[in-house]
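Here are my notes on the model you sent.

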Amino acid sequence: MSYTGPGFDPPQPRRSLRGPLTVALAALVPGALLGWAVYAAVDGPGNGGSSAGASATASASASSGAPSSTTPSPSGDRKPSASPTAEEPPSPSASPSAPAASGPLKGKVVVIDPGHNPGNFRHTAEINRQVDIGTNRKECDTTGTSTDDGYAEARFTLDVAHRMRALLEEQGATVKLTQDADRPFGPCVDERARIGNAAKADAVVSLHADGSGAGNRGFHVILPGAVDAGAADTRAIVGPSRDLGERIAGNFVRVTGSAPSNYVGGGTGLVTRKDLGGLNLSTVPKVFVECGNMRDSKDAALLTSGAWRQKAARGISDGIVSFLRG
Ligand code: ZN
């Protein structure tokens with residue numbers, strides 16, 4: 001679980017003639033759909049009779065515009081165990097500096113925002129402080145969720161961030177993290193947004209894994225909705241953020257073989273929200289990626305696998321590279 005507050009936006013039938021996933025998939029190699037179809041056939045989210053099983057035919061699902069059952073995640077973040085027991089292969093060694101001197105992304109700045117912080121649960125007073133997100137006030141940060149075995153979302157997000165940093169630096173990008181477990185808690189969501197803005201980032205991705213109910217599976221990318229309230233004005237970033245998000249969703253499917261969420265987004269893997277400070281306060285293209293549902297045992301088996309996290313990092317990074325290269 002990455003946030004509390006109002007539920008997801010309702011499905012958006014107005015996009016029915018130009019389903020986001022159709023667009024995302026159109027930009028991909030055919031292998032993406034093939035991989036997804038294999039996933040759906042072998043281990044798809046329809047095992048429990050979920051309506052999302054039909055999403056194996058991506059364009060059909062997207063073009064029908066049929067609202068799926070929209071079940072917002074429970075709002076209560078679970079305190080992660082202080083001593084996760086899940087497998088934790090080492091992530092690539094940290095290399096905060098020394099970006100590649102050359103490469104297709106030379107001159108591009110990518111900010112990776114690893115959601116939450118492993119120390120947040122020791123600082124509940126600080127992270128419960130309310131901050132201004134333009135539309136309203138909201139908690140500074142949350143603890144994040146964890147798998148049933150105690151693998152914390154905050155550890156997951158840092159691990160994927162390190163893997164992404166290595167991949168993007170190989171492409172020549174300058175990569176900055178909003179936090180690297182190098183501070184006792186946070187930063188607050190408003191500061192997370194400001195870090196991307198101050199870096200004049202060409203793209204920002206906030207990494208998360210969800211804390212929804214068992215049986216809810218798959219990834220989704222959260223796009224900023226158009227907000228103009230107080231300090232928040234996302235109108236200039238809505239378009240490019242959607243482009244970024246669609247490319248990430250398509251590449252995530254292609255590389256991981258995971259299906260889009262079967263519980264939000266109507267099978268598109270894309271959800272638009274206006275209640276997240278990290279998006280509302282951004283002035284540069286930014287999306288959130290919910291890589292899977294930590295509270296579902298099948299998704300948890302993926303999220304706790306270092307090999308799968310490498311695929312997730314590559315899928316997201318490939319989407320960023322695609323966006324930045326146009
Ligand atoms: Zn989260």
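1. Ala181 sits in the loop between S4 and H6. Its phi is positive, about 55 degrees, although Ala181 is not a glycine. Most residues other than glycine have a negative phi, and most peptide bonds are trans. Ala181 is partly exposed, at 44% relative accessible area (buried is under 20%, exposed over 50%, partly exposed in between; 1.4 Å probe, protein chains only). Helices (H or I, at least four residues) and strands (E, at least two) are DSSP runs numbered from the N terminus.

2. The model is predicted: local features need pLDDT of at least 70, side-chain atom pairs count only at pLDDT 80 or more, and totals for chains, interfaces and linings use all residues. Residues are numbered from 1 along each chain as its sequence is written, and side-chain values use heavy atoms, with hydrogens and water left out.

3. The loop between S4 and helix H6 (189–198) also holds Pro187. A cis peptide bond joins Gly186 to Pro187, with omega about 10 degrees.

4. Next, the metal site. His116 (NE2), Glu153 (OE) and His208 (ND1) coordinate the zinc ion at 2.0 to 2.2 Å. Donors are N, O and S atoms within 2.8 Å of the metal (3.2 Å for Na, K and Ca); water is not among the atoms, so the site may look incomplete. The donor spacing in sequence is H-x36-E-x54-H. His116 lies in the loop between strand S1 (109–114) and helix H4 (124–127), and Glu153 in helix H5 (residues 153–170), so this pair ties together parts 37 residues apart in sequence.

5. The phi of His116 is near 70 degrees, a positive value in a residue other than glycine.

6. Helix H7 (residues 238–256) packs on helix H10 (residues 306–325) at about 140 degrees, with the axes 7 Å apart. Axes are lines fitted to C-alpha atoms, for helices over the stretch in contact, and angles run from 0 to 180 degrees between N-to-C directions. The contact (heavy atoms within 4.5 Å) includes Leu244, Ile248 and Phe252 of H7 and Ala312, Ile316 and Phe323 of H10. Its residues divide into ten nonpolar, five polar and six charged. Here Ala, Val, Leu, Ile, Met, Phe, Trp, Tyr, Cys and Pro count as nonpolar, Asp, Glu, Lys and Arg as charged, and the others, Gly among them, as polar.

7. The largest nonpolar core has 39 residues, and Leu168, Ile316 and Ile320 have the most contacts inside it. Such a core is a set of buried Ala, Val, Leu, Ile, Met, Phe, Trp, Tyr and Cys residues joined through side-chain atoms within 4.5 Å. H10 gives the most to this core, with eight residues. Ile316 touches Met164, Val205, Leu207, Ile248, Phe252, Val289 and Cys291, not counting residues up to four places away in sequence. A second, separate core of six residues includes Val109, Val111, Val204 and Val284.

8. Gln171 lies in the loop between H5 and S4. Gln171 is partly exposed, at 27%. Its C-alpha atom is 5.8 Å from that of Pro104, 67 residues apart along the chain.

9. Overall, the protein has ten helices and ten strands. Buried residues make up 54% of its 326 residues. Among contacts between residues at least 6 apart in sequence, 84% join residues at least 24 apart.
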